[in-house]
Amino acid sequence: MSDTSILTITDLRAKVADEDLEILTGVNLEIRPGEVHTIMGPNGSGKSTLAKVLAGHPEYEVTSGDVVFKGQPLLDLEPNERALAGMFLAFQYPTEIPGVSIANFLRTALQARLEDGEEVDLFDFQDELLDRMKLLDMDPSFAERPVNDGFSGGEKKRNEILQMAVLRPSLALMDETDSGLDIDALQIVANGVNTLREENPKMAILLITHYQRMLNYIQPDAVHVMVGGRIVRSGGPEVAIALEEQGYADWKEQEGDEEGKKEEGKEEKEQEEALTA
Ligand SMILES: Nc1ncnc2c1ncn2[C@@H]1O[C@H](COP(=O)(O)OP(=O)(O)OP(=O)(O)O)[C@@H](O)[C@H]1O
Ligand SMILES: [Mg+2]
């Protein structure tokens, strides 16, 4: 492991906690401060699982391997300790929290970082929140709306980035934040993320996406391809461009026909279920 790394993942394997189902099959990845790493890969390849395992989601169990975050073993930490240490996950499917306003939610999250007896200054917080909402071109009335409750898909994604803008993580895991954003919103969110990077040049980002488009706005230092629960190729932005042109057929074949068939069968089944529902 390099001393300058912010995140070092070594041969990480993880399975679904209450099932004998391995999803991450040996992930290796190193991210240094200030870097943007992109993970692309077919549906069901384990991208979200990796993000959730890093954030400490109880749905998954790490079976072997090692993760070091800012020089500390990450896997021993509880999810809230990981957040306090500076890790942030913008969910692919953000959770609705009826009854809790965005302002209260974020104030509570900031409060949790303070020592006992210290209080978030309400006026400073209000100013900060409005400033961050302006950065993301969000209507100030959203501050009083319950978190994600009744939000459109794109509004939820923007709210994830608002959380990131207020919490100022040192490592942001962005899971398909670009999916569901319209073209203008994509640009606003990307500009917001780039402003955060200017404010904190050491902030690192792990950006999960299906589309090269996002990478025109947030330029990655490295692009990784995940297939079958591990990274099968890494390179520069050219990897994303090649994928857009060629798709994943080559890698799926390499993974073996069985794996490919399993996935295909599953997708067909899902489509059938959707049609008959
Ligand atoms: N809790 C779970 N129980 C059962 N299977 C799971 C669970 N979590 C993930 N999986 C399976 O693990 C595989 C990887 O899922 P994951 O959500 O990580 O994929 P992904 O790469 O993020 O896909 P997408 O591009 O569609 O978002 C999928 O086949 C998924 O069905
Ligand atoms: Mg996913």
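Biologist: In the shell around ligand 1, how many residues are nonpolar, polar and charged?

Modeller: This is a predicted model. In it, 13 residues surround ligand 1, the closest being Asn 43, Gly 44, Lys 47, Ser 48 and Thr 49. Sorted by class, the shell around ligand 1 has three nonpolar, two charged and eight polar residues.

Biologist: Is H1 largely enclosed by the rest of the structure or left open?

Modeller: The buried residues of H1 include Lys 47, Leu 50, Ala 51 and Leu 54. Eight of its nine residues are buried, so H1 is largely enclosed.

Biologist: Which strands stand at the edges of the open sheet?

Modeller: Four strands form the open sheet, with antiparallel pairing, in the order E2-E1-E4-E5. Each edge strand has a single partner strand, so one side of each lacks a neighbour in the sheet; the edges are E2 (22-31) and E5 (72-73).

Biologist: Which residue in E2 stands opposite Ile 9?

Modeller: Strand E1 covers residues 7-16 and pairs with E2 over seven bridges in the antiparallel sense. The residue of E2 opposite Ile 9 is Leu 29.

Biologist: Which residues touch the most other members of the largest nonpolar core?

Modeller: Nonpolar side chains tend to be buried together in soluble globular proteins. Here the largest nonpolar core has 63 residues, and those touching the most other members are Ala 90, Ile 161, Ala 172, Leu 173 and Ile 205.

Note on methods:
Residues numbered from 1 in each chain as written. Chains lettered and ligands numbered in written order. Predicted model: local features only at pLDDT ≥ 70, side-chain atom pairs only at ≥ 80, totals over all residues. Core = buried A, V, L, I, M, F, W, Y, C linked by C-beta atoms within 7 Å. Buried ≥ 20, exposed ≤ 12 C-beta atoms within 10 Å, placed from the backbone. Near = placed C-beta within 6 Å. Nonpolar A, V, L, I, M, F, W, Y, C, P; charged D, E, K, R; others polar. Pairing = 2+ DSSP bridges. Helix = DSSP H or I, 4+ residues; strand = E, 2+ residues; numbered from the N terminus.
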